[in-house]
Every structure is written in C-alpha cells, then in structure tokens.
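This report describes selected side chains and aromatic rings in one model. Please look over the sequence and the structure before reading on.

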Amino acid sequence: MNGSTPRQPWRTLLAAACMAATPAFAAAQSGTVRGTVAGPDGDAIRAAQVTVVGTRYGSTTNALGQFTLTGIPAGPRQLRVSRAGFLAKTHDVAVAAGEEALVAVRLESSPVELDGLVVSASRRAERRSEAPVTVTRVGPEVLDNLAGGSFVGALKQANGLDFVQVGVSSVGINARGFNSSFNNRMLMLEDGRIAVLPENGLPVGAFTPIPKIDLAGIEVVVGPGSALYGADASNGVLTLQSKDPREYPGTQMEVTGGSREYTDVQMRHAGVRGSFGYKVAGEYNQFNDWSNRIRATAAPTSPMETSVGDSSGLNWESDVARAYGAAVYYRGDAQFELSGGWSRTNGVGQTNVGRNQLVDWTYQTQQFKATFPRFYFTAYHTESDAGKSYAANRYTTFRATPALASRSDEEIRQMSDWPSNGQLFAAEFQNNFRVRPLLNTSVVWGAQVRHDVVSSERQWLTDRLTGDDLTIGQRGVYAQTETPLLPQLKLLLAGRYDDHENYDAQFSPKAGLVFTPAEGHSVRAFFNRAFKSPSTLQTNFYIPNFVPNIGVFGNRDGVTVRNAAGAVVREYAPMEPEENRTWEVGYKALVRGRLFVDLAGYYSRYQNFMSPLTVIANPFTGATATTAFGPGGKPLTDEAGKPQVVLTYFNLGKATVRGADLSANYVLSPKVDFTGTLSVVELDGLTGINTKVAGEVEATSLNSPVTKWTIGSRVRDLGNWQGGITGRYVNGYQFNSGINKGRIPTFSTLDVNVGYRVPRFRSAINLGLNNLFGCTSDNPATTDEDESGCEFGKRHMEMINMPQIGTMVFLGLRFDTK
C-alpha cells in the first residue's frame with residue numbers, strides 16, 4: 001500500500017458507534033402524537049387523513065376516529081386534517097422528546113370540496129392537490145341534488161372528459177382522443193369491481209346495478225392508468241362508489257317525472273344493528289327516448305353498407321330496473337361485506353355497424369370484500385346476458401330479402417339476434433405499508449386474477465366452431481412507491497405486469513416527481529405507459545354470412561391473404577395490445593382556501609392501433625380476387641366451404657397527440673361557487689397509415705373536439721333554496737367510426753336546476769332543465785332542424801346516426817329520514 005495512509009482502527013470504531021447510536025438518538029429526540037377526529041356533531045370520522053406539515057409523517061383515522069403518529073421530531077408542529085365532505089383544518093401541537101401528545105380535532109362540514117380526498121389516483125386516500133394525475137370527484141352533495149334518475153349528468157363538468165349524450169340517459173365518455181361508437185378506452189370500476197362486459201369489452205355503463213340514490217361518489221381520472229389498473233385504462237378510469245350503511249344510514253326515496261314520459265322511482269334503506277350493517281336500494285325508470293331512423297344504403301360502396309339500415313324502425317320506449325344491497329360486519333378497524341346487484345335494460349344501443357335493440361338485457365354482480373387498515377381483499381362474479389336483444393341492421397336486411405318474405409317478424413328477429421352471456425370471475429389482494437428507514441416511503445402493492453367465460457350460444461364467436469364456451473384467463477401484479485426525497489419533493493414510481501392468454505405479457509411503468517413549493521400547491525412531471533387490449537370480438541369473432549357471402553372473423557392467430565395465383569398479397573399478424581406512452585406535466589394550486597386550479601399538459605405516442613372491421617379479401621372480383629387463409633393455411637369460408645368476403649381486425653400505424661386540460665373552482669362565499677373547465681387536443685402526426693384503406697384511416701381518426709369548455713355556478717342555503725347553472729361548448733369535429741361517418745356540428749347548451757328544501761317533511765323538490773337553451777353552427781344541411789342558430793329548446797346532435805337531443809325537463813321529490 002505504497003503512498004497510502006495507515007489505517008486507524010479508532011476512526012472506524014467511532015464511525016460505527018455513531019451510526020449505531022443514530023437511531024437511538026433520533027428516537028430520543030422524537031415523540032408521539034395520538035388523537036381523535038370528529039365531525040361537527042361529535043361523531044367520529046373514519047378515514048380522515050392526518051399529516052404533519054413540513055414532514056414525511058402521516059396517518060389515517062380508524063373506525064373510532066383515532067390516529068397515532070410515532071417518531072415525530074420534537075418541537076412545535078402543525079397537524080393538517082382533511083376528509084371528503086369536511087373543511088380541512090390545521091391544529092398546533094407541541095411534541096416533546098420521548099413523550100406523548102394528545103389532541104382532539106373537530107371538523108366542520110363543507111358545502112364545497114376544493115381539495116378533498118380522492119382514492120382512485122393512487123389506490124389510496126390522498127388530497128386532490130397532491131394526486132399525481134388529473135382527477136375529478138363528484139360527491140353526494142352534488143348527486144343528491146341532481147334532478148333526474150341518472151348520475152351521468154354530473155360528468156358534464158369532469159376535467160378533460162369527452163361527454164357525448166346520445167339519449168335521455170345514455171352517454172358515451174372518453175378522454176384525450178380516439179373515441180369511437182364502440183369505445184373501451186376508459187376502464188370502469190364499481191365498488192372495486194372491474195365493470196366490463198366480457199363478451200365485447202365495453203364498460204358496463206348504463207347497465208350498472210347501483211341506483212343514483214346509493215352513490216357516495218364518482219371519480220374520473222383522465223390519462224393513462226395501466227400502471228395501477230392494467231388493461232383498458234389507456235385513456236382513464238371511471239370509478240363508482242356506493243354508500244356505506246354506517247356512514248349513510250336511514251331511508252331515502254326519490255320520485256321523478258319529466259318530459260318524454262319520463263318516470264323514475266328510487267328508494268334506499270340502510271341501518272346498523274350493533275356490529276352489523278345493511279342496505280337495500282332499488283330503482284325503476286322508464287321513458288320515451290329521442291329517436292331517429294337510419295335509411296338503408298341504396299347503392300352500397302362497401303360490403304358493410306349492405307347492412308346499414310334500420311328503416312323498419314326501432315322501439316325507443318326504454319326502461320331499466322336496478323337493485324343493489326349489502327350486508328356488512330364491522331369489527332374495530334376492519335369490515336367484511338357481502339353485496340349483490342342486478343339490472344335489466346330495454347332500449348336502443350349503438351354499434352359501429354348500426355344499432356341494437358336491447359330486449360331484457362340483464363347484468364348481475366356478487367361480491368365479497370374484506371377491508372383492513374393495511375390490507376384489502378375482494379372476490380366477485382359478474383354476469384351479462386343479452387336476453388332477446390338483436391341487431392336492427394341485420395333485421396332490416398333480412399326483412400327486405402325476397403327469399404325470406406314468408407318468414408314472420410319473430411323468425412326474422414331470431415335470425416338477427418346476438419345471444420351472448422359473459423361471466424367474469426375475479427379476485428384482488430392489496431396491501432399498503434411504510435418503510436421508515438427509506439425516508440418513510442409509502443408502498444401500495446397488489447395482485448389480481450381474472451377468468452372470463454363467454455358464450456354466444458354457438459352463433460357468432462368461436463364457440464360456434466369448437467362447441468365450447470370461450471375461457472380467457474389473465475393475471476396482474478402492481479406496485480406504487482412514494483418517497484419524500486425532501487419535505488417538498490416526492491419521487492413516485494409505479495409499475496404493473498399483466499399476463500394474458502391471448503397476447504404477450506405487458507409491463508406498464510410510471511415514474512415522476514411531485515414538487516410542493518407551498519401548502520396546497522404542487523408541480524408534477526410524469527411518464528406513463530398504458531395499453532388497450534384486444535376485445536373478445538377482435539380475437540374471437542366468427543360469423544360467416546353475417547349477411548349473404550360476407551363473413552366476419554376475429555384475428556387471434558393471424559391471417560394471410562393470397563391472390564388467385566396463390567401468391568401472398570399481405571400478412572396480418574395476430575392482434576396485440578395498442579400502446580400509449582405519455583409524458584405529462586401539471587400544476588395544482590389551492591389559493592387561500594377559495595380557488596382550486598388544476599392544469600395539465602401532455603404529449604402521447606400511440607402505436608399498434610386496432611382497426612375496425614375491414615375488408616381484407618374479396619374472392620368475387622374476378623382477376624383481382626383474393627382469398628384469406630387462417631392458421632394452418634385453411635381458407636376462411638362458411639361452414640359449407642363456400643367463399644366469403646372476409647372482414648377482420650388488425651394492428652397498424654403510429655400517432656402522436658398533444659393537449660392540455662384545465663379546471664378551476666372558485667368559492668365566492670359558503671353559498672356561491674363557480675366552476676369551469678377547458679380542454680384542447682391535437683393530432684400531431686400519423687405514420688404507417690395507408691390513406692387508401694378506409695379501415696386504417698378510421699382506426700387513427702381522433703374523433704374528438706379540438707376544443708371544449710364548460711362553465712357553471714352553484715348557489716345553496718339561500719333560505720331553503722339552492723340551484724345551479726351549467727354551460728357547455730363543444731367545437732365541431734369529424735367523426736369516423738364504422739358506418740357512423742360525418743361531422744359533429746359545433747354546439748353549446750345551457751342546463752339549469754333549482755331546488756327547494758322542505759325541512760318540516762325532511763324532503764326536497766328538485767327541478768332540472770337540461771339543454772334549456774342551445775346553439776349550433778356548421779351543421780350538415782340535411783334537414784330544416786339542422787339549421788344553425790340559437791334558441792330555447794334547440795336540438796343538437798352529439799353522435800353520428802343517433803338522435804338529436806333537445807330540452808329535457810325533470811321534476812323530482814326527495815325524502816330523507818336522516
């Protein structure tokens with residue numbers, strides 16, 4: 001060791017002694033804070049978030065409103081306590097080394113939640129200003145005063161959300177582009193359940209079994225969510241949370257009547273007996289929906305257009321029945337719940353190739369949940385059944401076929417039906433903890449398993465070939481860590497690994513920083529990868545002679561197209577997930593407790609778009625005829641071996657999108673507040689797209705407004721009066737999805753609601769006027785109703801080939817024993 005300094009053992013021993021003494025020294029210089037959190041009436045508040053301002057320490061209250069904070073550095077400290085539905089509060093406390101400080105905090109109810117708690121952003125409770133995504137929460141204070149039986153109207157002002165109304169209570173939602181008439185880019189959850197229809201991959205949507213009267217809240221996350229939620233959270237997550245019997249006891253009833261023969265009756269009853277809680281809720285709703293007709297194409301320009309029309313008419317008299325209930329056992333901080341729900345729907349639904357007549361479509365759920373402060377487990381089963389539903393476009397085609405003229409209407413309906421049954425079996429385990437030696441890093445991790453069983457009754461999926469129901473398995477594990485590098489700077493890392501039977505395993509990472517320069521302010525920068533999985537239709541469709549000589553085939557194993565000479569013209573690889581890589585920066589601010597601002601800008605790169613059903617081979621074009629071949633070189637024909645014009649799905653192309661979402665909430669006084677949102681999105685570039693192939697152009701169509709905004713105001717407690725007003729503007733845009741091609745005109749609408757409380761009878765009267773006043777411009781000149789202008793009762797179109805929507809009036813009476 002020439003030139004080196006001789007080792008000095010005493011220095012090593014001293015360093016080791018200092019390191020060993022550091023934890024004991026730190027413990028000697030810290031103390032414990034114990035306390036309780038209660039509401040204005042003195043009742044304990046559970047799940048309140050308690051943090052030590054300027055430190056990495058925090059906790060949540062248990063079922064008795066109690067919390068404990070250990071290892072808090074000695075000295076004067078400030079606690080910040082927050083809970084959804086209450087005003088956040090700071091509380092001074094003196095922490096003495098080695099001692100325990102006791103505190104009692106009482107929160108006041110808040111009529112407006114500017115910086116309330118959200119859960120879906122990180123799968124744990126956190127303040128909205130600190131959530132690392134754009135998230136909107138709609139609480140019971142809004143839902144309970146919403147006129148009409150549906151919750152969907154509350155989504156109109158969700159930040160960054162495309163809200164597309166296609167009927168009295170039917171809507172479509174999307175975020176950040178690439179919408180379609182058959183859209184599954186946003187994952188839907190209900191009480192922690194995956195709420196999708198396994199047979200087609202669509203969100204449950206209006207089939208939900210949860211009545212509005214039993215909803216405790218709705219959260220909308222826009223932007224990639226696969227790092228925590230997996231497949232189909234490519235553009236966002238919609239979460240419905242029902243009411244807990246202990247937090248929302250009593251009996252509520254709501255009766256609503258309105259225009260278009262609208263009738264809705266909802267009732268809920270909940271209570272607690274000792275350690276047991278229960279609730280039951282139900283709804284029946286009927287109305288005459290807005291209507292129109294699609295005329296069959298006289299001179300088809302593509303094979304699919306032979307099945308466009310539903311000129312024979314549809315039954316637009318719609319109704320839905322729902323029931324939901326739960327039994328809960330409370331034991332200290334833990335609770336165990338058994339719940340179940342059911343719905344039945346009749347009405348009209350849109351697809352990319354026409355409309356479906358929904359006849360007795362049912363959806364049901366059964367679920368078990370066990371919730372502890374650090375652990376969560378759920379197992380559930382859902383089932384969707386199409387009943388006697390059928391495709392109106394196929395009905396029209398068959399009814400107009402001379403060879404079928406002698407068949408009865410019922411026989412034609414049966415020929416046009418889409419029998420389906422989709423069952424989903426799933427379970428999830430989740431755990432959260434903190435690693436104090438690692439800067440008090442918080443960790444959330446979990447695992448999911450899912451098993452789908454799908455049947456088309458051997459008619460239009462590959463169970464028609466195999467004679468067996470489709471079974472599809474998938475598994476996923478996820479984790480998210482949040483490390484406070486400094487009191488003002490957090491590092492967030494997340495990732496999820498998904499293994500699916502029908503495509504390669506997917507890894508969805510998320511990484512970013514959140515900087516908090518001041519209380520209530522945060523700046524974030526993140527990278528996300530998300531994916532959208534192929535649906536059962538895209539991999540397992542199988543229906544030769546969808547209409548005569550035209551067959552629809554899924555693409556699970558790849559397709560090869562050859563010409564008449566046998567030469568390969570094109571090869572289509574098996575379907576794989578669409579990928580979305582997003583870079584996002586954002587800023588959130590709570591200013592003086594009156595103004596909340598949420599601004600996000602993003603840049604996204606998409607690849608492996610999924611095409612719509614597209615003709616890839618036509619054996620009837622003479623010298624240019626082509627034939628499609630499946631696995632093993634077997635031609636795709638009907639069961640008799642006759643050739644088919646083949647339609648299928650495939651991946652293609654890349655695209656970049658950029659945009660920004662802004663929302664602002666301002667509280668003028670405890671009785672008056674204002675809200676507003678603004679979103680812009682732009683398709684920046686496309687590569688790998690053949691503009692001569694309609695399906696490729698359609699797959700990469702943005703199908704979203706470049707600009708949209710909302711503005712609104714709410715007033716409350718003006719004596720017994722309350723009310724609100726909401727204006728919405730959507731810039732016109734081109735829409736291209738299957739047969740639904742055209743321009744959505746620019747439109748703006750105005751909604752008004754007024755409510756009056758009758759304390760003597762514990763009731764309230766709510767009047768809602770949706771689309772009371774409207775304006776349209778750049779409309780296609782097809783009918784007199786499409787003329788531009790502004791007027792009361794103005795009708796407007798929000799979806800191609802769906803009815804124009806006009807003014808809707810709802811008058812409701814709500815009764816509440818609590």
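Which backbone oxygen does the side chain of Arg268 reach? The side chain of Arg268 reaches the backbone oxygen of Tyr248 at 2.7 Å. This is a predicted model, in which local features need pLDDT of at least 70 and side-chain atom pairs count only at pLDDT 80 or more, while totals for chains, interfaces and linings use all residues. Residues are numbered from 1 along each chain as its sequence is written, and side-chain values use heavy atoms, with hydrogens and water left out.

**Arg268**

Arg268 is placed in strand β18, residues 262-273 (strands are DSSP runs of E with at least two residues, helices runs of H or I with at least four, numbered from the N terminus). With a relative accessible area of 1%, Arg268 is buried (buried means under 20%, exposed over 50%, partly exposed in between, with a 1.4 Å probe and protein chains only). Its side chain also makes a polar contact with the side chain of Asp214, at 2.6 Å. A polar contact is a pair of N or O atoms within 3.5 Å; within protein, one must be able to donate a hydrogen and the other to accept it, and residues adjacent in sequence count only if both atoms are side-chain atoms. Neighbours within four places in sequence left aside, the residues in contact with Arg268 include Ile213, Lys243, Gly250 and Val280 (contact means heavy atoms within 4.5 Å).

**Aromatic rings**

A search of the whole structure gives 25 aromatic pairs. Rings of Phe, Tyr and Trp (its six-membered ring) pair if their centres lie within 6.5 Å; planes under 30 degrees apart count as stacked, over 60 as edge-to-face and the rest as tilted. Two of the pairs are set out here.

| Pair | Centre to centre | Angle between planes | Type |
|---|---|---|---|
| Tyr572 and Phe650 | 4.9 Å | 45 degrees | tilted |
| Trp583 and Tyr603 | 6.3 Å | 45 degrees | tilted |

Tyr572 belongs to strand β34 and Phe650 to the loop between β39 and β40, so their pair ties together parts 78 residues apart in sequence. Both Tyr572 and Phe650 are buried. Trp583 in strand β35 and Tyr603 in strand β36 are 20 residues apart. Trp583 is partly exposed at 37% relative accessible area, and Tyr603 is partly exposed at 28%. One aromatic cluster is formed by Phe276, Tyr329, Phe336 and Phe372.

**Charges over rings**

Arg394 lies over the face of Trp418, 5.4 Å from the ring centre. The charged end of Lys510 sits over the ring of Phe526, at 5.3 Å from its centre. A charge sits over a ring if NZ of Lys or CZ of Arg is within 6 Å of the ring centre and within 35 degrees of the ring normal.
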